[in-house]
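Keep the model open beside you and try each task before reading on.

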Amino acid sequence: MRLEVNLISSGDNQLSLNYNHFIAGLIYRVISLHSERFARRIHSGGFKLNGKVFKMFTFSKIFYFNGAHVEDSHIVIPSNSEISFLISSPYEEFVKDFAFGLTKADKIWISEQKNLYILKSVEVIFEPKIFDGDPKEVIEVEGVFISPLVVSKVDALGRRIFLGCFDA
């Protein structure tokens with residue numbers, strides 16, 4: 001399930017270009033407004049599978065409009081400018097808790113409490129149906145990732161090898 005979150009700057013704001021940690025913090029804060037227990041669970045333990053821990057969500061870069069621009073190492077976001085980002089998870093409870101938390105938030109802030117935003121809208125983005133066939137069927141999809149992708153495999157000696165964009 002995927003949501004598009006649209007926010008409007010309530011003042012002149014600045015956001016570091018290295019904002020991923022701040023967006024993750026915003027996500028945990030917003031979820032805790034609806035369910036503190038669930039927010040603690042996904043922050044502290046995540047979801048475990050085969051000895052690995054997964055956070056089970058991803059988010060896009062921030063898209064900015066209406067005069068917002070990059071200056072040095074910050075995104076300068078003038079008052080009343082809109083920013084948006086996508087958040088996605090296969091875990092429906094996560095997405096629902098995030099959406100409900102947004103509706104309960106009096107103030108939405110990113111990075112610092114003085115960087116305040118007003119919720120403009122939250123929209124469900126329906127994912128396209130890619131294929132109808134066998135789940136083992138190999139399909140080719142062309143697209144652009146909205147967040148970083150990490151791919152690894154285990155070599156013959158049992159070591160984890162991280163693959164680059166041109167590795168097979």
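Predicted model: local features only at pLDDT ≥ 70, side-chain atom pairs only at ≥ 80, totals over all residues.

**Exercise 1.** Which elements do the buried residues of α1 pack against?

*Solution.* Residues are numbered from 1 along each chain as its sequence is written, and side-chain values use heavy atoms, with hydrogens and water left out.

Step 1: find the helix. α1 covers residues 20-34, and its 15 residues reach 22 Å from the first C-alpha to the last, close to the expected 21 Å (1.5 Å times one less than the number of residues). Helices (H or I, at least four residues) and strands (E, at least two) are DSSP runs, numbered from the N terminus.

Step 2: pick out its buried residues, where buried means under 20% relative accessible area, exposed over 50%, and partly exposed in between (1.4 Å probe, protein chains only). They are Ile 23, Ala 24, Leu 26, Ile 27, Tyr 28, Val 30 and Ile 31.

Step 3: list their partners, counting heavy atoms within 4.5 Å as a contact. The buried residues of α1 pack against α2 (36-44), β5 (58-59), β9 (82-88), α3 and β10 (108-109).

**Exercise 2.** Describe the salt bridge between Glu 82 and Lys 120.

*Solution.* Step 1: apply the criterion, a side-chain nitrogen of Lys or Arg within 4 Å of a carboxyl oxygen of Asp or Glu. In this pair the closest N and O atoms are 2.9 Å apart.

Step 1: Glu 82 belongs to strand β9 and Lys 120 to strand β11, so the bridge ties together parts that are 38 residues apart in sequence.

Step 2: check their surroundings. Glu 82 is buried, at 16% relative accessible area, whereas Lys 120 is partly exposed, at 48%.

**Exercise 3.** Where do Lys 96 and Glu 92 lie?

*Solution.* Step 1: both are in helix α3, four residues apart, or about one turn of the helix.

Step 1: recall the geometry. An α-helix has 3.6 residues a turn, so residues three or four places apart point the same way.

Step 2: look at the side chains. Lys 96 and Glu 92 meet in a salt bridge of 3.0 Å, N to O. Lys 96 is partly exposed at 39% relative accessibility, and Glu 92 is partly exposed too, at 43%.

**Exercise 4.** Is Asn 6 buried or exposed, and which residues does Asn 6 touch?

*Solution.* Step 1: locate Asn 6 in strand β1, residues 2-9. With a relative accessible area of 4%, Asn 6 is buried.

Step 1: go through its neighbours, leaving out residues up to four places away in sequence. Asn 6 touches Glu 82, Ile 83, Ser 84, Ile 118, Leu 119, Lys 120, Ser 121 and Glu 123.

Step 2: find the polar contact, meaning a pair of N or O atoms within 3.5 Å; within protein, one must be able to donate a hydrogen and the other to accept it, and residues adjacent in sequence count only if both atoms are side-chain atoms. The side chains of Asn 6 and Ser 121 are joined by one of 2.9 Å.

**Exercise 5.** Describe the setting of Val 95.

*Solution.* Step 1: Val 95 sits in helix α3, residues 92-104, and is buried at 2% relative accessible area.

Step 1: Val 95 touches Met 1, Leu 3 and Ser 89, not counting residues up to four places away in sequence.

Step 2: the C-alpha atoms of Val 95 and Arg 2 are 7.4 Å apart, although 93 residues separate the two along the chain.
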